[in-house]
Every structure is written in structure tokens, then in C-alpha cells.
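Thanks for asking me to look through this one with you. Below are my notes, as numbered points you can check against the structure.

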Amino acid sequence: MMSQVRAKTSARDVLMLMQLLVIVPMVTHLPTWIIVMGVVVAITQLSVLKHRLHLYGRFELVVQLILFFGGLLGVFFAFRTFLGVEAGVSFLMLCLIAKLLEVKARRDVYIVLTLALFVVSSGFLFSQSLVASVLALLGLLAILYAMIAQNDDGQGRIRSLFWITVQAVPLMVILFLFFPRFPPLWSVQIGAGQGQTGMSEEMSPGDIASLSQSAALAFRVFFEGQPPAKSDLYWRGLVLSQFDGRTWMPLPAQQTGHLTAWVGQRLPSWIDQSLVVVEQQPRSYRMVMEPTQREWLFPLSLPYATQQQPSVGLTREYTLKAASPIRRQQHLQFLQFQDVTLDADLPDWLRRANLALPPQSNPLAQKFAQDLFQRMNANPERYAESILAWIRQQNFVYTLQPPLLSGHRVDQFLFETRRGFCEHYASAFVFLMRAAGVPARVVAGYQGGALGRDGESWEVRQRDAHAWTEIWLAGQGWVRIDPTAAIAPHRIEQGMSAVTDDVRVFGEGAGAMFRQSQFQLLSQAREWADYAGYLWQRDVVGFDQDRQANKLKDWFNLRSM
């Protein structure tokens with residue numbers, strides 16, 4: 001009799017502990033307070049704590065009602081609705097948590113396990129990545145183990161779970177390969193509550209330096225034919241023309257938002273008036289972009305999207321944007337036109353916007369610019385070249401650990417610290433050009449990348465984030481000038497990996513060596529993880545009707561030979 005009681009108690013504890021593998025992995029998709037509530041409830045239902053807390057009878061019922069209805073209010077305030085994927089899965093999680101407080105009979109156990117199976121499955125509504133699949137598999141194994149624990153005395157549970165799994169694997173493989181693949185019957189729209197990743201729409205000194213110490217994948221590119229040289233890979237995303245003395249920002253939406261030309265629609269007049277394209281064969285390439293929760297795309301300039309993607313638009317500043325934030329991995333087909341003149345005749349409103357400076361801002365830089373411009377006979381090209389030559393000749397340093405700036409930041413950087421990252425150089429260069437009356441703007445995106453471990457794709461990571469400049473020259477339109485190339489040419493020609501091989505860019509002393517070794521170790525681990533995730537998306541998630549039909553055709557042809 002006592003052994004039956006111990007077995008029942010042990011089975012109940014197994015049930016509660018196994019729920020942690022179901023509840024905790026949902027922390028990246030659901031509000032944190034729901035996950036905390038689930039963990040607390042599961043732990044307090046363990047035998048040793050349940051007796052000490054006296055969670056029985058009417059008191060337990062009151063706790064259950066408070067948690068459930070309080071949770072409903074929390075879901076409504078978090079999402080402002082009870083509809084939608086996130087709110088629906090949150091409600092399902094609340095049902096599971098509430099049911100954990102009334103597990104008294106075997107029937108209750110199987111209801112909990114069934115709800116847990118639904119919760120595990122719902123994770124695929126948010127992500128079908130390799131990590132999400134591994135976590136779902138762990139949750140499924142935990143549920144199976146809890147089921148086994150309800151029907152034995154504690155002996156041979158692992159062995160039973162092993163043999164069930166071994167027997168299920170062949171059936172799983174057969175169903176995956178031969179069961180008809182149906183297209184999705186509905187489309188799930190995930191809300192905008194998830195965290196944003198990658199580049200911000202504002203740039204202040206230090207932003208990109210922080211981003212460039214991340215090995216997270218930004219996007220993967222497949223070129224048709226020979227890819228461009230690494231020094232030509234400028235993935236143009238944002239044009240920052242507005243400066244308040246500290247931060248660079250895009251022009252207000254009321255100035256440029258209505259000028260976006262969407263693919264498939266009639267092109268607006270400003271394209272014919274401002275764009276000169278030499279007759280040529282555009283370069284075609286495919287981009288697999290990771291979720292960012294933002295609309296910006298990062299193609300090569302001058303970009304355009306194919307007609308199969310009507311949700312992509314060309315902005316007045318010749319960047320591409322999506323019609324809605326990118327919340328899932330996106331496959332995009334782009335064209336790149338070369339030998340292009342942008343804004344051969346610059347509109348007055350755009351000229352004013354790209355000459356504006358804050359009043360009484362950085363007086364030393366303004367005087368330096370005006371004096372140097374006059375010495376160059378007011379020639380914008382010679383003036384730009386003289387600034388780059390001055391940067392090379394002075395003791396400027398390229399580093400990921402620049403000193404903090406305050407007050408007149410451009411003055412401080414140019415004449416005091418002279419230590420910075422690409423955004424420091426781009427910001428200062430544009431300021432000096434504007435101070436001399438030359439229209440200029442900051443462009444933010446990515447530069448370079450590296451050949452993927454598959455030998456076919458080009459990987460661009462957050463560490464490749466970069467800022468450069470464009471100046472307007474009469475007869476040439478907007479011309480790209482990268483001030484970083486004047487101080488760190490290896491960053492442009494060899495990529496960010498060449499920069500991080502130099503311990504000095506991480507600062508000085510033993511701390512810099514530690515940061516560098518940590519960065520390189522984590523980067524390599526992240527690259528292998530991303531490659532494994534890419535193979536998973538390509539060969540498992542992407543195994544659709546066409547690929548299944550082609551694969552079966554190949555197999556049967558081989559058999560007939």
C-alpha cells in the first residue's frame with residue numbers, strides 16, 4: 001500500500017517537473033509574467049511544498065480562480081484583445097496553469113498532458129527554426145515520460161521512453177518523405193509585440209560599434225553568377241539626413257513617405273526626372289532576410305525588386321522598404337543596376353534638407369571646413385579628397401571602444417579624441433561637407449560579409465553593420481564616399497573579420513584581449529548554429545510539394561535503371 005502511495009506521489013512530481021520543459025521555452029513568445037506564473041505553480045504543486053503550503057480544498061480553489069481570471073485580465077491588457085495568435089496561446093497557457101492546481105484523479109492528469117501537447121505544438125505558430133524544433137522535441141519527450149510515469153512503479157521509465165522513441169522515428173521519417181505535402185490553409189499574422197533586432201532608424205556615436213560586436217545573422221544572399229568584390233558590397237538600408245547635433249535621423253515621413261514607388265504600380269514622375277540608368281544587364285540575386293520587426297530592406301544600390309513582390313517599395317532616397325514589418329524569415333528577389341546617376345538635378349527641398357545643420361553647432365569644425373574649402377578653391381571634389389587626406393595624416397584611430405563624447409561631439413572627435421568607429425567618421429565627414437555648403441548625408445546599412453559554410457551563399461551578420469556617406473556633386477548626382485576606408489581600408493577590403501583580428505580595436509590591456517577572444521569564440525559558435533539552422537530551413541521546413549515530387553521522381557528513376 002505504501003509503495004503505491006509513493007509511486008503515485010512520484011508520478012505527480014514527475015508530471016509537475018515535466019511541465020517546466022513545456023512552459024519555460026515559451027518565454028520568447030509570451031509575456032514573461034505568464035511564464036513566471038506557470039513555473040511558480042508547477043513548483044508549488046510538488047509534494048514537499050504542497051504539504052507545507054497547505055494548498056488544499058477551498059484555499060486552493062480560491063488561488064486557482066484568482067490566477068485564472070487575473071491572468072485573463074493580464075492577457076487583455078497585454079494585447080488589447082482576446083483574438084490573435086499571441087492572445088490565444090496565452091489563454092491556452094492559462095488553462096494549463098489553472099489545471100495544474102486541480103490534479104486529483106487520473107482523468108485530470110490526462111487533461112493536463114493533452115493541454116501540454118497543444119502548448120508545445122503552438123510554439124510552431126511563432127517559429128519553425130531548428131532551436132524551436134529541438135525545444136518542442138524536449139517538451140514532447142517530457143510529456144511522454146510523464147505519461148509513462150502514470151502507469152508504472154518507477155522502474156524502467158527511461159527504457160520505455162527510449163523504445164517508444166526508437167519505434168516512432170522510422171514512422172516519422174516515412175511520413176515526412178512520402179505523406180502528401182499540402183500548402184498552408186491559412187496565414188498566421190504575428191503581432192508586433194516581439195523585440196526588434198538589428199539596426200535602428202537613428203544613429204548616434206556608439207550604436208553601430210555595439211551592433212558590430214554581434215555575430216547574429218542579418219541576411220543570407222545567393223548571387224546568380226560571380227558575386228561582386230567584397231569592397232563593393234554596400235548593403236544600403238537607411239538614409240539619415242536630419243541631424244540635431246547628437247543623432248542622425250531619416251527625414252520626416254511627411255516629406256518622403258508619399259513618394260515611395262511600390263512594385264507593380266505606375267512609376268511616379270520623380271523617378272524619370274532624377275534617375276539616369278545606363279543601358280545594362282542588371283545583377284540578379286536572392287536574399288533570405290531574418291526577422292527584424294522593421295520595414296527596411298538592405299539591397300545593393302541601385303536596387304529594385306522583381307514583379308513577384310508587390311509589397312516592396314522604392315523610396316525617394318533610393319532605398320527599399322517592405323509594406324509591413326518583417327516578422328518572419330523572408331525570401332526576396334532583387335535586381336542591382338550599376339552605372340546609375342541619382343538626382344542629377346537636385347530638388348531645392350532635398351538640397352535644403354541635406355545642407356541643414358543645428359545653429360551654433362560645433363564651431364571649430366565649421367571654421368575648419370570653411371577655411372579648407374576656400375583653400376581648395378571652393379571645389380567640392382578636391383575638398384572631399386583633402387578631408388580624407390587629413391584623416392590619414394592625423395593620429396586618428398579606428399576602435400570599437402571609443403571614448404564618450406558630449407557637448408559639441410564633432411569638435412571633440414575631430415580635434416580631441418580622434419578615436420572612433422565608422423559612425424564617428426561618417427557623421428564628422430557629412431558635417432564638414434555641409435559646413436562648406438556641399439549637400440551630404442549619412443547612409444546606414446551593412447558592408448561586406450563572408451562566404452557561407454555551404455560555399456554557395458553570402459552571409460551578412462550584424463557585425464558587418466556600417467555607416468558611410470553620400471555627397472552631391474554637380475553632373476554626378478549622389479556619390480558614395482566612405483571615410484572609414486581612409487583610416488581602416490582593411491575593414492572595407494577584407495571585411496569585419498580582418499578588423500576583429502586586431503586586439504587594439506577592442507580597447508587596451510588584458511580586458512581587450514579577453515573581449516577579442518570571447519568575440520571570436522562566440523562568433524564561430526554562432527556561425528555553425530546559423531548554418532545548421534539554414535540546413536534545417538532548406539531541407540526540412542522547406543521540403544514542400546515541388547521538392548517532394550522531384551525527390552520521389554529521382555528515386556523512382558534510379559530504381560527503374
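1. Which residues are buried in α7? They are Ala132, Ser133, Ala136, Gly139, Ala142, Ile143, Tyr145, Ala146, Ile148 and Ala149. Here buried means under 20% relative accessible area, exposed means over 50%, and partly exposed is in between (1.4 Å probe, protein chains only).

2. Before going on, a word on the source: this is a predicted model, in which local features need pLDDT of at least 70 and side-chain atom pairs count only at pLDDT 80 or more, while totals for chains, interfaces and linings use all residues. Residues are numbered from 1 along each chain as its sequence is written, and side-chain values use heavy atoms, with hydrogens and water left out.

3. Staying with helix α7 (residues 130-149), its 20 residues should span 28 Å at 1.5 Å a residue, and the end C-alpha atoms are 29 Å apart, which agrees. The expected span is 1.5 Å times one less than the number of residues. Helices (H or I, at least four residues) and strands (E, at least two) are DSSP runs, numbered from the N terminus.

4. Ser133 lies in helix α7 and counts as buried because its relative accessibility is 12%. Leaving out residues up to four places away in sequence, Ser133 touches Phe124, Gln128 and Trp536; contact means heavy atoms within 4.5 Å.

5. Now for two helix pairs. The axes of α13 (residues 363-375) and α15 (residues 409-417) come within 7 Å and cross at roughly 65°. Pro363, Leu364, Ala365 and Phe368 of α13 make the contact with Val410, Asp411, Leu414 and Phe415 of α15. By class, that contact has seven nonpolar, no polar and one charged residues. Axes are lines fitted to C-alpha atoms, for helices over the stretch in contact, and angles run from 0 to 180 degrees between N-to-C directions. Ala, Val, Leu, Ile, Met, Phe, Trp, Tyr, Cys and Pro count as nonpolar, Asp, Glu, Lys and Arg as charged, and the others, Gly among them, as polar.

6. Helix α14 (residues 380-393) packs on helix α16 (residues 422-435) at an angle of about 140°, with the axes 11 Å apart. From α14 come Pro380, Tyr383, Ala384, Ile387, Leu388 and Ile391, which meet Tyr425, Phe429, Leu432 and Met433 in α16. The residues of this contact divide into 10 nonpolar, no polar and no charged.

7. How many salt bridges does a search of the whole structure find? The search finds nine, a salt bridge being a side-chain nitrogen of Lys or Arg within 4 Å of a carboxyl oxygen of Asp or Glu. Side chains of opposite charge can pair when their charged atoms come close.

8. One to look at is Arg236 with Glu470, at 2.9 Å from N to O. Arg236 lies in strand β2 (residues 234-240) and Glu470 in strand β18 (residues 465-473), so the pair ties together parts that are 234 residues apart in sequence. Arg236 is buried at 3% relative accessible area, and Glu470 is buried at 5%.

9. Within helix α13, Asp371 and Lys367 sit four residues apart, about one turn of the helix. They form a salt bridge whose closest N and O atoms are 3.0 Å apart. Asp371 is partly exposed at 34%, and Lys367 is exposed at 53%.

10. Finally, Lys99, Glu102, Arg107 and Asp108 are linked in a network of salt bridges. Asp108 and Arg107 meet at 3.9 Å, N to O; Asp108 is buried at 9% relative accessibility, whereas Arg107 is exposed at 60%.
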